[in-house]
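Please keep the sequence and the structure in view while reading.

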Amino acid sequence: MAFDTAVSGIKAATADLGVIGNNIANSSTTGFKLSRAEFADVYATSLLGAGGNAIGKGVSLAGVTQEFTQGNISFTNNALDLAINGSGFFLLSDDGASLYTRAGNFQVDREGFIVTSEGHRLQAFQVNSVGDITGQVGDLQLDTSLIDPNPTGSVDVTLNLDSREVSPLVPFGGPFDAFAVPPTFPDGDSFNATSSTTIYDGLGNPHVMSMYFVKTATANEWDVHTLVDGVSTSGPDTLTFQSNGQFDPASLPVELSIAGWTPLNESGSPTGASAQDFTVSLSSGTQFGSEFAVSTIVQDGYTTGQLRGLEIDDSGVAFARYTNGQARALGQIAIAGFTNPNGLQPLGDTTWAETFSSGSATLGEPGSSGLGVIQSGALEDSNVEITEQLVNMIIAQRNFQANAQVIQTEDAVTQTVINLR
């Protein structure tokens, strides 16, 4: 009887329509991968196998596989929207259980962890105390606390002193008021050039460090007076140039050593910060016949700062930016690769679980070992092509109708047999 065979065909067409309907329903789901129903024919066999003229007994659903082809990447304005351009999966932690996804629409929970909308935490290679990436994998978390200030330890100054200058007639010295608006200095003809920059004490308080350059009566020789907040801390320190306007290489490095500087506030009282030592490097300085000019002043101190934003580069390194201009690496997003992605077990919420068929996950940095790179501010669209699915739906509908027609035909034949006299 062909009834069972036709029923199996109807069930197969129904399953096919179910898979197609699920694909169409998720055509706008971020990171969704389309599925395909696969079928196999059925033959009744004995221990010795089927005969050479055996008739098949219908069809069965052999499996539903997913196609992990790349979806289109759509750009957004959210830095926490991430897309993988290439192969691999984001690694998530669900209370310690490992999950995998291609959907990168992440957000920050109240504890600062980067999570999915279901609360699964994004995993990343951790950083050590100096910001270097380690091999340890853990939750990626934003640190919303204030960043510790860093006292200035070195100042690097690149400048040119005008070789045409002559020694001032008025000796350098007298009281200074760096906190006046504008700052006031005595004896305006007592120095040839001056430059200032901001430095920081151990509590993150800013202070004005000024340097006054005085041409001496000796050719190619200058005195440098260093003051912080109008209080002398060093000087005069002598700078001696060669006839070519540069320092003698044998005298390098040329540095001013500031030792035991006690930070003061505007009223002249200690700020509470510890006494501080730092150096001022002038090794790149020159004395040419042109106007005094300061090219760069770089110092390594900074005040405290709050979290201002997050940036993630294509290698998956997450950088936190702070209001004091500093940036720190928080971790590097881990990408998981599988030998057989089709063997992964779908869990819903656009996540998959590792199985024996998929093989064990291999974690790596984005862009390494054949893994894709990270695109920040973007999401991967579903790889469902609507037109193709509609065509498949028409084919599945025709299969359903054809199998239903087989049942009608078998019913007519059976009725004819019954009506035989």
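In which loop is Asn-220 found? Asn-220 is found in the loop between strand E13 (206-215) and E14. The model discussed here is a predicted one.

Although Asn-220 is not a glycine, its phi is positive, at about 65°. Asn-220 counts as partly exposed because its relative accessibility is 26%. Another non-glycine residue with a positive phi is Asp-229, with a value of about 55°. Asp-229 has its place in the loop between E14 and E15. The relative accessibility of Asp-229 is 10%, so this residue counts as buried.

Strand E14 (residues 221-228) contains Thr-226. With 0% relative accessibility, Thr-226 counts as buried. Leaving aside residues up to four places away in sequence, Thr-226 touches a set of residues including Met-209, Ser-210, Met-211, Leu-256 and Ile-258. Val-231, Ser-232, Thr-233 and Ser-234 are also among the residues that Thr-226 touches.

The bond from Gly-235 to Pro-236 is cis, with omega near 0°, and Pro-236 is found in strand E15 (residues 231-240). A cis bond also joins Leu-252 and Pro-253, where omega is about 0°. Pro-253 lies in the loop between E15 and strand E16 (255-261).

**Accessibility of selected residues**

| Residue | Relative accessibility | Class |
|---|---|---|
| Val-64 | 45% | partly exposed |
| Asn-342 | 44% | partly exposed |
| Asn-220 | 26% | partly exposed |
| Asp-229 | 10% | buried |
| Thr-226 | 0% | buried |

Val-64 has its place in strand E2 (residues 58-66). Together with Phe-39 and Leu-61, Val-64 forms a nonpolar patch on the surface, and the three residues have about 250 Å² of accessible area together.

Asn-342 lies in the loop between strand E22 (335-337) and strand E23 (345-348). When residues up to four places away in sequence are not counted, Asn-342 touches Gln-66 and Phe-68. Between Asn-342 and Ser-357 there are 15 residues of separation in sequence and 8.3 Å in space, taken from C-alpha to C-alpha.

**The largest pocket**

The largest pocket holds about 320 Å³ of space. Its lining is made up of 15 residues, and those nearest the centre are Val-127, Tyr-322, Arg-328, Ala-329 and Leu-330. Strand E21 (residues 327-333) gives the most to this lining, with 3 residues.

Definitions and conventions. Residues are numbered from 1 along each chain as its sequence is written. This is a predicted model: local features need pLDDT of at least 70, side-chain atom pairs count only at pLDDT 80 or more; totals for chains, interfaces and linings use all residues. Side-chain values use heavy atoms; hydrogens and water are left out. Patches are made of residues with over 30% relative accessible area and no salt bridge: like charges are joined within 9 Å, nonpolar side chains (Val, Leu, Ile, Met, Phe, Trp, Tyr) within 5 Å. Accessible areas come from the Shrake-Rupley method with a 1.4 Å probe; for residues, only the protein chains shown count as cover. A salt bridge is a side-chain nitrogen of Lys or Arg within 4 Å of a carboxyl oxygen of Asp or Glu. Helices (H or I, at least four residues) and strands (E, at least two) are DSSP runs, numbered from the N terminus. Buried means under 20% relative accessible area, exposed over 50%, partly exposed in between (1.4 Å probe, protein chains only). Contact means heavy atoms within 4.5 Å. On a 1 Å grid over the protein atoms alone, a cavity is a set of points where a 1.4 Å probe fits but cannot get out, and a pocket is an open set with protein on both sides within 12 Å along at least five of seven lines; lining residues have an atom within 4 Å of a point. Grid points are joined across faces, edges and corners, and a volume is the space filled by probe spheres set on the points.
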